[in-house]
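Student: Could you walk me through how to read a few features of a protein model?
Tutor: Gladly, let us look at it together.

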Amino acid sequence: MKTKITFLWSDLASTTDSGVITQSYRNLYAMAEAFVSEQSSLYHNPKLLKDIISGMEWMNEHRYNEQLSQYSNWWHWEIGGPQALNNLVVLLYSYLDEEKINRYMDVVDHFQPAPTKSGATTPDNYREAFGANRVDVSKVVAVRGIIVKDPSKIAASRDALSQVFEYVTEGNGFYKDGSFVQHEDIAYTGSYGIVLIEGLTELLEVFSGSTWKVTNPNVNNVYEWIQDSFEPLMYKGSLMDMVRGRAISRDFLQDHNAGHSVIKTVVRMGQFAPEPYGDRFLRMAKHWIQEDTFLDYIENAESFRDITLAKTLLSNNDIKPRGELYLHKTFASMDRVVHRKPGYAFGLSMYSNRIQNYEDMNNENRKGWYTGEGMAYLYNDDLGQFSDGYWPTVDPYRMPGTTIDTMTRTDGSGEHRSTQSWTGGSTLNEQYGTAGMSYDAWNSSLQAKKSWFMFDNEIVALGADITSSDDRPIETIVENRKIRQDGSNKVIINGESPLNELGSEKEIKEVEWAYLEGNGEGADIGYYFPEKANLYVKKEQREGKWSDINYGGPEEVIKRSYATMWLDHGKNPNAERYAYTLLPNQSADEIEQYAANPDVQILRNDKAVQAVHETTQNILGANFWESTKQQAGPLTVYDKASITMKEIENELEIAVSDPTMENDGTIEVEIDRKAFGVIKADEGVKVTKLKPFIKLEIDVKEAKGKTFTTKLQLNPKQSDQSDHFLTDAKINQEQMEANGTVDAVVNISSQTNDREKATVTTAFYNWKGELKKAVHHEEDFEQGQSKEIKQSLNLPQKIDGGEVRIFMWKGKDFENGEYQLLSNVVTFPVTDR
């Protein structure tokens, strides 16, 4: 008697979990790959083919057909399952008869007939599909249309993508500041954003060169997203967890796994993207693959095609890896900040009345309570820090960077938006920045003002107005770092080693500096406390299971060791504060020397203003929390604002933003300096006074947290006569990189009533504002005359950021700054990408 089959795989036997549908088809696809791959020992094995088709028939009869009603998660019925089935049919198309193909495809069309909608078989939940879901359902319909040769379905799928190409200003999708949001208020670049870009890459490649080629000009936005939204968040092959939402709780999708999904997509896109994108994509992908020493990309690639593409890329000596990325970026629309300098990257995860603190859904990310409440992520050469079982074993109450009420939490509790709007920051020249968050804790009276100031070698963290009345201890977590299993990492505080063993905990008073040995070279971290602090330190071995944070995860017990540092503000603190500086990649001796002669000076740290001056680079960062007249150093500000300002080489550059996104007027800023000209000012900035002090008015209405930058001339020898000429310029953007040649076409119009001789210059200034390269051309202009001048500038061999400036001038010594500016300055940012 023939045994009745009740499942295909014993671990996929459930009739109530719809995930069985997707995973079963994926398993069959893996079998089909072995059948069609020449490298496989089962290549064209007839028994294997028979088993695969038998499995497809069983699924069609018992698990996925038109007679079944949806249960469990809709995604597996409308996206996951049909995508996997489509892929399977494509792979075995030549081995399936027409009747089977049509029968399988009828089921797909039943559950997902339209490329713009979801919920076709659940009328009460029939809805428009947006963002990543829009791409997913379009892919389902498009691939099915190709399989059954239905041109109308293919065209409808192509056209449905037009919505996704657009930038958004609220809700789901990509924002011009690089943010990506899904589920209306969750930072989700590293999960739904990956799904969206993966799906778009596959569809754009399929449509290219066909009757259904995408002609929407907004398709170029997709290529910009790689640079603006993904590249800043990738670190040596991993993708930062702060934009992965509840996906951080999935054991099979840790940060390097997610990063490899981005690499796969970027390499594929590099095959067909127009220049300059294609070359840039391959260069960045090559860097990521080579630098990921934690998880080998090729060994973990899931398809033969991706292995082949990666090997081809690595063997192509004409494609140079991008190199390390130096960048500061504020993702204002999703309350995230990234700061990247030599040897490290720093990520900051915040929330507001616009963005939710974390997401718990489908029993995933059950203890993500504080991951969006000011958590700080420090990436260095310890590439496995946030992988290898970090999330199920780290103390979820003590996320580094956070200030917390120590109340007991239940799984999934406290998902919410803040009552506060002041969250965001300002970015200066894409190299430095200031960030802040007005914190109002969930289900607690705890409130605080939290700021971060990000320079070259240090990150300063300030907290002020820390107040609570619930009779529970309030803590600020300075660090919580995974260390070696035996706990042998050195912890040195004020020159002493207070912790030698796991399980030890101490309070140490009057701490001025601390050192934590990393898990390898390039992973040490220093901490400086400018006001001295009572610091709690602990080494412990912790254990946990993935199923603790994701109820569907493995139940195997994992053990990891941690070093934790925190400040105890006591019960019912009233206007308490803290200050500490992170010093990445510093030895104990270097940290001790820094503490004896620090580079930072705290100007203010109170409920109205938090401000820091970095003395070596002469950078000032300040967050103004109130719409009242407040001062910090040379700054006087009348409105809520974040400001980062740098003075160097006779130039002053100031970056201003409205992190609240609620100011429908202007921000007024005064600077106790005298200026002699405007080098450049963003649209929306009015320079109303240069002497005896500088006064700016910045129109921030509908600015959405954007930073406005103004650069002023402080050298009286370069006095301003910039109204003599009007300058406009175009350059070849594809050569805006190290060792490239910038070809500029400069259109100049005389604005005076006199004949005048002047020089047009195309010059490269590095991120410090220092002149590095320049070409000049002197020309006579008659009254009102216009001319077109062409210039070529060779950029330096190494670029860490900067800009090309084009302008008119006259004088006797340009190199030493003895000249008069005669026109506006046209600028083009340069990054070595």
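Student: Are Arg805 and Glu803 buried or exposed?
Tutor: Buried means under 20% relative accessible area, exposed over 50%, and partly exposed in between, with a 1.4 Å probe and protein chains only. Here Arg805 and Glu803 are both buried. Keep in mind that this is a predicted model, where local features need pLDDT of at least 70, side-chain atom pairs count only at pLDDT 80 or more, and totals for chains, interfaces and linings use all residues. Residues are numbered from 1 along each chain as its sequence is written, and side-chain values use heavy atoms, with hydrogens and water left out.

Student: What joins Arg805 with Glu803?
Tutor: A salt bridge, meaning a side-chain nitrogen of Lys or Arg within 4 Å of a carboxyl oxygen of Asp or Glu. In this pair, the closest N and O atoms are 2.8 Å apart. Arg805 and Glu803 also belong to a salt-bridge network with Glu651, Glu653, Lys680 and Lys711.

Student: How many salt bridges does the structure hold?
Tutor: There are 47. One of them joins the side chains of Asp335 and Arg354, at 3.5 Å from N to O. This pair links distant parts of the chain, 19 residues apart: Asp335 is in the loop between strands S8 (327-331) and S9 (336-341), and Arg354 in the loop between strands S10 (344-349) and S11 (375-379). Helices (H or I, at least four residues) and strands (E, at least two) are DSSP runs, numbered from the N terminus. Both Asp335 and Arg354 are buried.

Student: Which residue forms a salt bridge with Arg398?
Tutor: Glu475 does, with 3.0 Å between the closest N and O atoms. The two are 77 residues apart, with Arg398 in the loop between helix H14 (390-393) and strand S12 (403-405), and Glu475 in strand S17 (residues 473-483). Arg398 counts as buried because its relative accessibility is 13%, and Glu475 counts as buried at 7%.

Student: What order do the strands have in the open sheet of four?
Tutor: Two strands pair if DSSP finds at least two bridges between them. The order is S8-S9-S10-S11, with antiparallel pairing. S8 and S11 stand at the edges with a single partner strand each, so one side of each has no neighbour in the sheet. S10 and S11 are joined by five bridges, and Gly347 stands opposite Tyr377 in S11.

Student: Where is Asn362, the residue with a positive phi?
Tutor: Asn362 lies in the loop between S10 and S11. Its phi is about 55 degrees, although Asn362 is not a glycine. Asn362 counts as partly exposed because its relative accessibility is 47%. Asn429 also has a positive phi of about 55 degrees, and is found in the loop between S13 and strand S14 (432-440). Asn429 is buried, with a relative accessible area of 19%.

Student: Which peptide bonds are cis, starting with the one to Pro276?
Tutor: The bond from Glu275 to Pro276 is cis, with omega near 10 degrees. Pro276 sits in the loop between helix H10 (255-270) and H11. Another cis peptide bond joins Lys691 and Pro692, where omega is about 0 degrees. Pro692 lies in the loop between strand S32 (685-689) and strand S33 (694-699).
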